[in-house]
Amino acid sequence: GLTEEHRASLCVLSYLIKGSIAKGCNCSALNNKTKVQPLHSQPWLSLAHTTHGVVSRKLTHSEMRTASSVIQDDLKLYDEAKSRFWNMLRKIEQESKVTICRDS
């Protein structure tokens, strides 16, 4: 899945595990008067974020330059992962004849 598409990622994962679209994932069944069901109301989608005590911080310019040279392969891999995710999501939507709710 994709971090920026958390809802859709969990919905895709659910479909791959259960073989059906979970409640809160089927946006094609909703209309303008219906509110999208929050994912946290689905027990199997409840995930806690644990920081393990690590404090986030901004990188320095020097660290950014170093990271920039190192992450080029990561960016290629991430682009491939995004492409795979969207292809899988579209395939699931076609198979199930629904529109999966998205974060964006």
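This is a predicted model: local features need pLDDT of at least 70, side-chain atom pairs count only at pLDDT 80 or more; totals for chains, interfaces and linings use all residues.

Student: What span does helix H1 reach from its first C-alpha to its last?

Tutor: Helix H1 covers residues 6-18, which gives it 13 residues.

Student: Which helix do the buried residues of H1 pack against?

Tutor: We can begin with the buried residues themselves, and among them in H1 are Arg7, Leu10, Val12 and Tyr15. Taken together, the buried residues of H1 pack against helix H3.

Student: Which element gives the largest share of the largest nonpolar core?

Tutor: The largest nonpolar core has 11 residues in all, including Ala8, Cys11, Phe85 and Ile92. The elements that give two or more residues to this core are H1 and H3. The largest share, 4 residues, comes from H1.

Student: Is the disulfide of Cys11 and Cys25 left-handed or right-handed?

Tutor: A disulfide joins Cys11 to Cys25, with an S to S distance of 2.0 Å. The pair links distant parts of the chain, for Cys11 is in helix H1 while Cys25 is in the loop between H1 and helix H2, 14 residues apart. Both Cys11 and Cys25 are buried. The torsion about their S-S bond is about -85°, so this disulfide is left-handed.

Student: How many residues apart in sequence are the parts that Cys27 and Cys101 tie together?

Tutor: Cys27 and Cys101 form a disulfide in which the sulfur atoms are 1.7 Å apart. Cys27 lies in the loop between H1 and H2, whereas Cys101 lies in the segment after H3, so the parts that this pair ties together are separated in sequence by 74 residues.

Student: What pattern do the disulfides of the protein follow?

Tutor: The count comes to 2 disulfides, one joining Cys11 to Cys25 and another formed by Cys27 and Cys101. When the bonded cysteines are counted along the chain, the pattern is 1-2, 3-4.

Student: Are the rings of Phe85 and Trp86 stacked or edge-to-face?

Tutor: A search of the whole structure finds 1 aromatic pair, and it is formed by Phe85 and Trp86, with 5.0 Å centre to centre. Phe85 is buried, with a relative accessible area of 6%, while Trp86 is partly exposed, at 24%. The angle between the planes is 75°, and planes over 60 degrees apart count as edge-to-face, so the pair is edge-to-face.

Student: What distance separates the C-alpha atoms of Ala81 and Gly1?

Tutor: Ala81 is found in helix H3, and at 35% relative accessibility this residue counts as partly exposed. Along the chain, Ala81 and Gly1 are 80 residues apart, yet the separation of their C-alpha atoms is 8.2 Å.

Notes: Residues are numbered from 1 along each chain as its sequence is written. Side-chain values use heavy atoms; hydrogens and water are left out. Rings of Phe, Tyr and Trp (its six-membered ring) pair if their centres lie within 6.5 Å; planes under 30 degrees apart count as stacked, over 60 as edge-to-face and the rest as tilted. Buried means under 20% relative accessible area, exposed over 50%, partly exposed in between (1.4 Å probe, protein chains only). The expected span of a helix is 1.5 Å times one less than its number of residues. Contact means heavy atoms within 4.5 Å. A disulfide is a pair of cysteine sulfur atoms within 2.5 Å. A nonpolar core is a set of buried Ala, Val, Leu, Ile, Met, Phe, Trp, Tyr and Cys residues joined through side-chain atoms within 4.5 Å.
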